[in-house]
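Subject: Structure handover

Hi,

Here is the structure I promised to pass on to you. Please open it alongside this note, and my findings follow below.

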Amino acid sequence: MAAAWGLSLTAAALRAVTPWPRGRLLAASRRRRALREVSSSPEAGEGQIHLTDSCVRRLLEITEGSEFLRLEVEGGGCSGFQYKFSLDTVINPDDRVFEQGGARVVVDSDSLAFVKGAQVDFSQELIRSSFQVLNNPQAQQGCSCGSSFSVKL
């Protein structure tokens with residue numbers, strides 16, 4: 001009982017000294033819930049690519065005119081396959097276009113087999129800013145940097 005009492009006093013003291021950023025916590029939990037709902041919804045179809053809000057915002061900032069983000073999967077990387085992102089203006093006959101909020105991501109049919117059902121995100125960190133593929137249901141495992149993956153058999 002004494003230990004529990006001492007712990008609750010410490011926690012109360014910390015709350016009094018350090019205000020908790022409730023808005024940020026709630027926003028983060030809503031974001032995680034939305035991601036779970038998107039990935040588990042029936043409309044999150046097999047052949048779909050989903051764009052996060054940060055991906056859409058960044059694409060709208062950097063693209064001009066008919067530019068879009070092209071996502072390709074190539075052999076290589078430390079896990080067998082790697083994601084390649086580039087800005088492009090030419091849509092080929094075997095390309096699939098995924099559009100959300102005016103931002104477009106294009107994936108060729110060969111690459112789509114490796115990323116169907118995944119999310120494209122834009123991540124900004126202290127050491128880098130990059131587009132990334134998240135929650136790829138076709139990937140068995142990935143490397144620590146997130147740019148390569150191995151395919152489920």
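F114 has a relative accessible area of 25%, so it is partly exposed (buried means under 20%, exposed over 50%, and partly exposed in between, with a 1.4 Å probe and protein chains only). F81, at 26%, is partly exposed too.

Before going further, a word on the source: this is a predicted model, where local features need pLDDT of at least 70, side-chain atom pairs count only at pLDDT 80 or more, and totals for chains, interfaces and linings use all residues. Residues are numbered from 1 along each chain as its sequence is written, and side-chain values use heavy atoms, leaving out hydrogens and water.

Back to the rings. Three aromatic pairs were counted (rings of Phe, Tyr and Trp, the last by its six-membered ring, pair if their centres lie within 6.5 Å; planes under 30 degrees apart are stacked, over 60 edge-to-face, and the rest tilted). F81 and F114 make a tilted pair, with 4.9 Å from centre to centre and 35° between the planes. Since F81 belongs to strand β3 (residues 81-88) and F114 to helix α4 (residues 109-115), this pair ties together parts that are 33 residues apart in sequence. (Helices, H or I of at least four residues, and strands, E of at least two, are DSSP runs numbered from the N terminus.) There is also one aromatic cluster, formed by F85, F122 and F131.

Next, the sheet. It is open and has three strands in the order β1-β6-β7, with mixed pairing (two strands pair if DSSP finds at least two bridges between them). At the edges are β1 (50-51) and β7, each pairing on one side only.

- G75, in strand β2 (residues 68-75), is exposed at 58% relative accessible area. Leaving aside residues up to four places away in sequence, G75 touches G80, F81 and Q82.
- N135 sits in the loop between β7 (129-134) and β8 (139-142). Its phi is near 50°, a positive value in a residue other than glycine.

Enjoy exploring!

Best wishes

Terms used. Contact means heavy atoms within 4.5 Å.
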